[in-house]
Amino acid sequence: MNGPPVIRIPLVDLQAQHRKIREEVLAALLRVVDSQTFILGEEVEALERELAAYCGTRFAVGCASGTDALFLALLALGIGPGDEVVTSPYTFFATAGAIVRAGARPVFADVEAGSFNLDAERAARVACSRPAVRAVIVVHLFGACADMDPLCEAASRRGIAVIEDAAQAIGAEYKGRRAGSLGTMGCFSFYPSKNLGGYGDGGLLTTNDEELAARLRALRVHGSRERYRHEWVGINSRLDALQAAVLRVKLRHLDRWTEARVRNAEYYRRRFAELGLPVAAPAAPPYASRHVWNQFVIRAPERDRLREHLTSWGIGTEVYYPIPLHLQPCFRDLGYRPGDFPVSEQLAREALALPVYPELSEESLEAVVQAIAAFYRR
Ligand SMILES: Cc1ncc(COP(=O)(O)O)c(C=O)c1O
């Protein structure tokens, strides 16, 4: 029988990471359990200080998820009904979902095929031509920063805010500056598969603006700065001390894990070129001075057949994202149609994420390369 070789390479392997830090994590969890302080508190404040320093911002404010971070950012800016927010149609749902939850309207601008990120010139044009636009949410997708300078210049001309959705981009750099420090506020997710993932949900905002930081701290506890006195209507979105303790352990390893992701991405890129494989390998755009490779996403016109083939070889893949946001059923009322954002629609048909997690061995990386080569030899 000449079936495919039996290998098992998942898209993400959280067990592999956990095995190496198990003792450190258990000690940190025990510290919190013994303290019996579970919500916010010292552990969360320490994480906020460490992540503000890591991202190069004055302030960081923990919250319950990346989705809440986006929502809180909009609330802090007072964005609501009658307002518009420009964003990418090629991102995880939460980016646009948060805009609608705030009562505002998402206005999409297409992305660039090479970087998967907002086309800055296009987004700037949309922001400058619509008077109701109050902010841009720019997404640093898959771990590479979007082209921030033209966007921030246009936003400051228009007097509107730039919110960075940096959920997939902790530690990524744009011209040497960190994601989360480039716009008005940065939003991060600690979903377990993120580069800095918790043992559950979690999120965080970064900013250099003291007034915004104070408002965010209030908004995450029902808009209250003083017990039982509410200046704003906020939400309950607090970060758990248990999550903060795990994240503080993991933060100590993050740069080493990021270097391993960079090495893995370089390995794929080199081997794809050597073998002349007809897949478009992702590359860091010149301004993305540090790509942190949360995902390694190739483009292949015959994506669905390639995916089936890799599955049959035991290789985990994922499609980020099969339906661009302007075509989501729940956004039908926005009035967009197929063909409105052709680059996003093409990426939705062609993009395929391959395993790139830090603990992958060279043998596994080569097995993925060989499986793709076998598909194109057929
Ligand atoms: C680009 C992007 N934005 C927002 C989110 C939402 O984060 P969370 O799952 O922590 O709510 C995620 C991740 O899930 C994401 O990838």
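## Ligand shell

In this predicted model, helix H3 and helix H4 (94-101) each contribute at least two residues to the shell around the ligand. The shell comprises 15 residues, of which Ser65, Gly66, Thr67, Ala167 and Ser189 come nearest to the ligand. Sorted by class, the residues of the shell are 5 nonpolar, 8 polar and 2 charged.

## Nonpolar core

The largest nonpolar core contains 122 residues, and the members that touch the most others are Ala73, Leu74, Val136 and Leu205. Helix H3, which spans residues 66-76, gives the most to this core, supplying 8 residues. Because domain 1 (17-251) and domain 2 (254-377) both give residues to the core, it lies between them.

The surroundings of Leu205 can be listed in detail. With residues up to four places away in sequence left out, Leu205 touches Ala60, Val61, Cys63, Ala69, Leu72 and Ala73, and also Met185, Gly186, Cys187 and Leu216.

Ser344 belongs to helix H11, which covers residues 342-350. This serine has 24 other C-beta atoms within 10 Å, and a residue is buried if that count is 20 or more; Ser344 is therefore buried.

Apart from neighbours within four places in sequence, the contacts of Ser344 are Pro89, Tyr90, Asp110, Val111 and Pro324. Pro322 is 22 residues away from Ser344 in sequence, and the C-alpha to C-alpha distance between Ser344 and Pro322 is 9.8 Å.

Note on methods:
Residues are numbered from 1 along each chain as its sequence is written. This is a predicted model: local features need pLDDT of at least 70, side-chain atom pairs count only at pLDDT 80 or more; totals for chains, interfaces and linings use all residues. A nonpolar core is a set of buried Ala, Val, Leu, Ile, Met, Phe, Trp, Tyr and Cys residues joined through C-beta atoms within 7 Å. A residue is buried if 20 or more other C-beta atoms lie within 10 Å of its own, exposed if 12 or fewer, and partly exposed in between; C-beta atoms are placed from the backbone. Helices (H or I, at least four residues) and strands (E, at least two) are DSSP runs, numbered from the N terminus. Domain bounds come from an automatic or database domain assignment. Two residues are in contact if their C-beta atoms, placed from the backbone, lie within 7 Å. A residue is near a molecule or strand if its C-beta atom, placed from the backbone, lies within 6 Å of it. Ala, Val, Leu, Ile, Met, Phe, Trp, Tyr, Cys and Pro count as nonpolar, Asp, Glu, Lys and Arg as charged, and the others, Gly among them, as polar.
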